[in-house]
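Morning, everyone. Let me put the next model on the screen, and then we can walk through it.

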2 protein chains.
Amino acid sequence: MARLAGMSDFTQLDPAERILMGPGPSTVPARVLRALGSPTLGHLDPQYIGIMDETCALLRRVFETENALTFPVSATGMAGMETIASNLVEAGDEVIVGVNGVFGARMKDVMERCGATVHAIEAPWGEIISDDAVAEAVQAHPKAKLAGVVHAETSTGAHQPLEGISQIVHDAGMLLVVDAVTSLGGHPVRVDEWRIDAIYSGTQKCLSCPPGLSPVSFSEAAMEVMDRRRTKVQSWYFDVSMLRDYYSGSGKRAYHHTAPVNMVYALREALVIALEEGLEARFERHRQMHHRLRDGLEGMGITYIPEQSLHTLNCVRIPEGVDDATVRGRLLGDYSIEIGAGLGPFAGKAWRIGLMGHSATVRNVDLLLAALREAMGR
Amino acid sequence: MARLAGMSDFTQLDPAERILMGPGPSTVPARVLRALGSPTLGHLDPQYIGIMDETCALLRRVFETENALTFPVSATGMAGMETIASNLVEAGDEVIVGVNGVFGARMKDVMERCGATVHAIEAPWGEIISDDAVAEAVQAHPKAKLAGVVHAETSTGAHQPLEGISQIVHDAGMLLVVDAVTSLGGHPVRVDEWRIDAIYSGTQKCLSCPPGLSPVSFSEAAMEVMDRRRTKVQSWYFDVSMLRDYYSGSGKRAYHHTAPVNMVYALREALVIALEEGLEARFERHRQMHHRLRDGLEGMGITYIPEQSLHTLNCVRIPEGVDDATVRGRLLGDYSIEIGAGLGPFAGKAWRIGLMGHSATVRNVDLLLAALREAMGR
């Protein structure tokens, strides 16, 4: 075809309008996409600084914290983990990490790369880390600087209680580090009440913002640990000491790196949507949708893997005789619905069904149940 | 005012439609913003994998390279520098870095954090690094693994020639590392012809995509150096050994991190726009706009700082008796035009005027000249 004026020779970008019910990203609301596509401001423009300040203030409300140092790291979720590890850990430090899935194992790896000796608390995939195991670990390794656990293990769907662990860890004089990538905005994450010292999340899960930022928050105690460092943070990009002025609202807006301006627009809008709904109402919606899905799945003979399941990520056994790839292929091809495959030991054996943020609706749950029945031929 | 149905209590996001003529971001075309706001796909969706593959192929064309390992790092420009440093450098390595502005100094800092002993080639701000100085450095430090230079020093506007340096560095058996953040898409960056082994750029400069990604490319020789590492890369997030399968088009799409899906849409669109124009035509447009601006500024008695100036970033002396903040404030307030302040020793003494990508037009140059005259009261 001849090229027309105002027409590109390249194919047009035309991503499908998926219903995203995997382990993330979740479906992004039109309001957030519209905010994302707003005109780009300079990253030192007073208007942008105002938008960033608002975004940090909104993040404090969603994290339920007064922590001054609360901001979105300029990279996707795992960068939040690396920001916390590289700033809190120095070579030679001992740390304790709960490992009961991919993300606990990853936290261990990241801490080791920062020079830490990691004492792992192992639990089988799908189970949680018990208070007793944590008590034992802090007793065995009293010099450990911090203990890290995954609140919402995206690889298994296990929902880790934090209050008991927090008490034990703080009684031992250690910091508590938490991965809340798949819980923030879907389950309560009460940073101040639960005395979490450093926490990271992602934008593309229960906040239903596209992937690209990692909200983090640090307690006063964590900031003091950073102030006492003997060595430079090994990462320049994630060095919080250089970012503090930029995000503190101190008026000293030192240039560090160029912030991902449009992604911050989108995060601000996603946070506004979460707070308009109200956090408690939002948690209740996630709870109800989880039970609606669970009732439907169990009615089809599909069972859950973890005893203590997240509402936001439903990790279930693929029934005998059902082919994983065929079913997920039909869901994607016939319904444009994405669900997640199993990871690691669960590959081919589990599905991970996300009910996160904008995706956690009656409409989606009922459609998925109908589509699954059809795809499985039941 | 009472809350209306369908109305939010929060203020609406409403960023101004700036003309961005600072050191970046540049003004983002409507087509790119529209692509950015397209529906979010899952990061392992076959459609998204296709879009990512296309984006990497387009990046190879813009970098003028056949390098298989060419992809956008999932974070802003400086993350590209850290990706290259943390993958190529191991503790105890010697490296050579040219330091003639903020970004050379930063490369030195990043390399040191990766454990390198850095031999700096210093030159005054605004000047380039001479071939002779490089020859001297490689002779003095024959064990150095690589030499790093900044092609486009955004803090001074100096335009560093690379071909002579490349010859010297390769004759000494070292790798050549290049910062092309402010040149890619505005000046020729001929990765294969100039034998650059590792290069990083940003999206928000001459590609006129929002900030949030850092395109990088590695030569075969650089990949061999990474294959011979004795130690783990200290950064998990930037560890290329884990990213290679994801970006190689090998069919093994191992999950590493959740890619910033919508930002990749935007980058793809920005690259298509650059290639529709044609790279050589695009360089010529930047050249012409630079001279148009330069003629106008020099006619007003405003002189350039670097002898060898970039077309894309024009670093000029603020005339005697003119107040920096007042003029930039008027440009922003009355015209919604952003230009950049001086950095480091140039603070209060220089302006940095960007002519990058979509911002480099006759309309913008002539408007800026008129607005500057008005703001300076001349």
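Some ground rules. This is a predicted model, so local features need pLDDT of at least 70, side-chain atom pairs count only at pLDDT 80 or more, and totals for chains, interfaces and linings use all residues. Residues are numbered from 1 along each chain as its sequence is written, while chains are lettered from A and ligands numbered from 1 in the order in which they are written.

Start with the sheet in chain A. It is open, has seven strands, and runs in the order S2-S10-S9-S8-S5-S3-S4 with mixed pairing. Strands here are DSSP E runs of at least two residues, helices are H or I runs of at least four, and both are numbered from the N terminus. Pairing takes at least two DSSP bridges between two strands. Which strands sit at the edges? Strand S2 (69–73) and strand S4 (117–122) of chain A, each pairing on one side only. From one strand to the next, the twist averages 15 degrees.

Look at S4(A) again. Strand S3 (residues 94–99) of chain A pairs with S4(A) in the parallel sense, over six bridges. Opposite Ile96(A) you find His119(A) in S4(A).

Now the loop between S8 and S9 of chain A. Ala180(A) lies there. Buried or exposed? Ala180(A) is buried, because 29 other C-beta atoms lie within 10 Å. The cut-offs, with C-beta atoms placed from the backbone: 20 or more others within 10 Å is buried, 12 or fewer is exposed, and in between is partly exposed. Ala180(A) and Asp109(A) are 71 residues apart in sequence and 18 Å apart in space, C-alpha to C-alpha.

Next, the helix pair. Helix H11 (residues 324–335) and helix H12 (residues 362–376) of chain A pack at about 120 degrees, with axes 9 Å apart. Axes are lines fitted to C-alpha atoms, for helices over the stretch in contact, and angles run from 0 to 180 degrees between N-to-C directions. H11(A) and H12(A) are therefore oblique to each other. That word covers what is left after under 35 degrees (roughly parallel), over 145 (roughly antiparallel) and 65 to 115 (roughly perpendicular).

Last, the chain contact. It takes 58 residues from chain A and 59 residues from chain B. Contact means C-beta atoms, placed from the backbone, within 7 Å. On the chain A side, H9(A) gives the largest share, eight residues.

Conventions:
Two residues are in contact if their C-beta atoms, placed from the backbone, lie within 7 Å.
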